[in-house]
Amino acid sequence: MPNTRRTFLQSSLAAGVSLLTLPAGLPSARILGAEDANASAYRLAREVPTRFYDGKRCWCHPRAGIVAGAGRDGRPRVAMTMNSLDLAGSDVFRGVFGLMTDDMGQTWSDVKELKAMAPREETIDDVQRPVAASDLSPGWHAASKTLLATGHSVVYTPEWKVVPQRPRHTVFATYDPADDDWSAWQKLPMPDATRFDNAGAGCTQRYDEADGTILLPFYFRPPGANSRVAVMRCGFDGRQLKVLEHGSELAIDDDTRGVGEPSLTRFGDDYLLTVRHDRRAYVTRSRDGLDFEPLRPWTFDDETDLGSYNTQAHWVTHSDALYLVYTRRGLHNDHVFRHRAPLVMAQVNPAKLCVIRTTEQVLVPERGARLGNFGVTDVTRDETWVTVAEWMQPVGCEKHGSDGSVYVARLHWNTPNALVG
């Protein structure tokens, strides 16, 4: 879209703006349960570094990673990536854009197009087709001192339509703080090209081991089967990512699409995996990060269903407590697509693998648009950020107040997070 990029960027409202004012009428943090449950753990603040919606496009998938020590006065630089979303279709991601801050969000750079991450043309089944990198999750790889983003590729028809059966790859790219730019995205070679022909790590949350190996959850659709999830152990030297092995495959063989968008963390001695499914959210545990127990549905601590379905969830992991960020039914949100707003967070009971209802708190309020595609970033020991954009579909969601805002929900910890270096 060479003739529209300049207008697109100028319309994003990021240029020349250090910090946008929150929309009028935005409520303060609202606790759904006992107020004292969270007060001793963290303080919540929200900011909107940019927003964009012109009736045809908006931002989506804003996720951030840090570069340790590259910011002002030795603070981390926070670099955010996000896709542009064409609202005329379903999951049409025509480009990757970025912005960054060197002063912990007091000021942000202009939004700019990341040209090396742009869609490419590939010949697939004798047809020239666009292929985009999307659903990226940047994360600091401490062992190599590199900001590494992982995601997946999306193959479209020549008319930019998504089809269910298509080749898909995990993709990765690295960030250069000197140039404030990203490398061209690469495809991760898989050990079984046939079984993993449709496999990717889009919208997932990885865990980096102390020795530098990466536990990267992914999901794939074998020929003739539902989608399933697994975790692959990868090596990374600061430039190249390679698969070393993968663990047990988790599946739900019903009449749905299966499971996907897994996110991984470690808390205590356990690795924990949360998984998306069309009808409900699932969770499981492992002792080695590769081989997991059977999936179990997410519930509240009163054993009722969590009510989260058909979208992703991610972990906020503090040395003192474990939290889940998610969306769900039952929050006066029947008018929101798949109940994907508001975005909420609650503490997890790690022994019982359930959500403690009285700790549930709204991180980002509901204003008609969905908030299901988001990211979690440990910025410092004192702050964790949850980043999300108002996904401006379907038509008419703006009548509830949404305007394409990109939110940073900042968790200011009252006790430093000892898990962050």
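Visitor: Which side chain meets R357 in a salt bridge?
Guide: That partner is D302, with 3.4 Å from N to O; a salt bridge here is a side-chain nitrogen of Lys or Arg within 4 Å of a carboxyl oxygen of Asp or Glu. The pair links distant parts of the chain, 55 residues apart, with R357 in the loop between strand 25 (354–355) and strand 26 (361–364), strands being DSSP runs of E of at least two residues, numbered from the N terminus. This is a predicted model, in which local features need pLDDT of at least 70 and side-chain atom pairs count only at pLDDT 80 or more, while totals for chains, interfaces and linings use all residues. Residues are numbered from 1 along each chain as its sequence is written, and side-chain values use heavy atoms, leaving out hydrogens and water.

Visitor: How many salt bridges does the structure hold?
Guide: The structure holds 26 salt bridges, and one of them joins D403 to R367, whose closest N and O atoms are 3.0 Å apart.

Visitor: Is R367 buried or exposed?
Guide: R367 is buried, because its relative accessible area is 10%, where buried means under 20%, exposed over 50% and partly exposed in between (1.4 Å probe, protein chains only). D403 is partly exposed, at 24%.

Visitor: Changing topic, what order do the strands of the open sheet take?
Guide: The 4 strands run in the order 2-29-28-27 with antiparallel pairing, and two strands count as paired if DSSP finds at least two bridges between them. Strand 2 (42–51) and strand 27 (374–378) are the edge strands, each pairing on one side only.

Visitor: Which residue in strand 28 stands opposite T377?
Guide: That residue is W385, and strand 27 pairs with strand 28 (residues 383–389) over 5 bridges.
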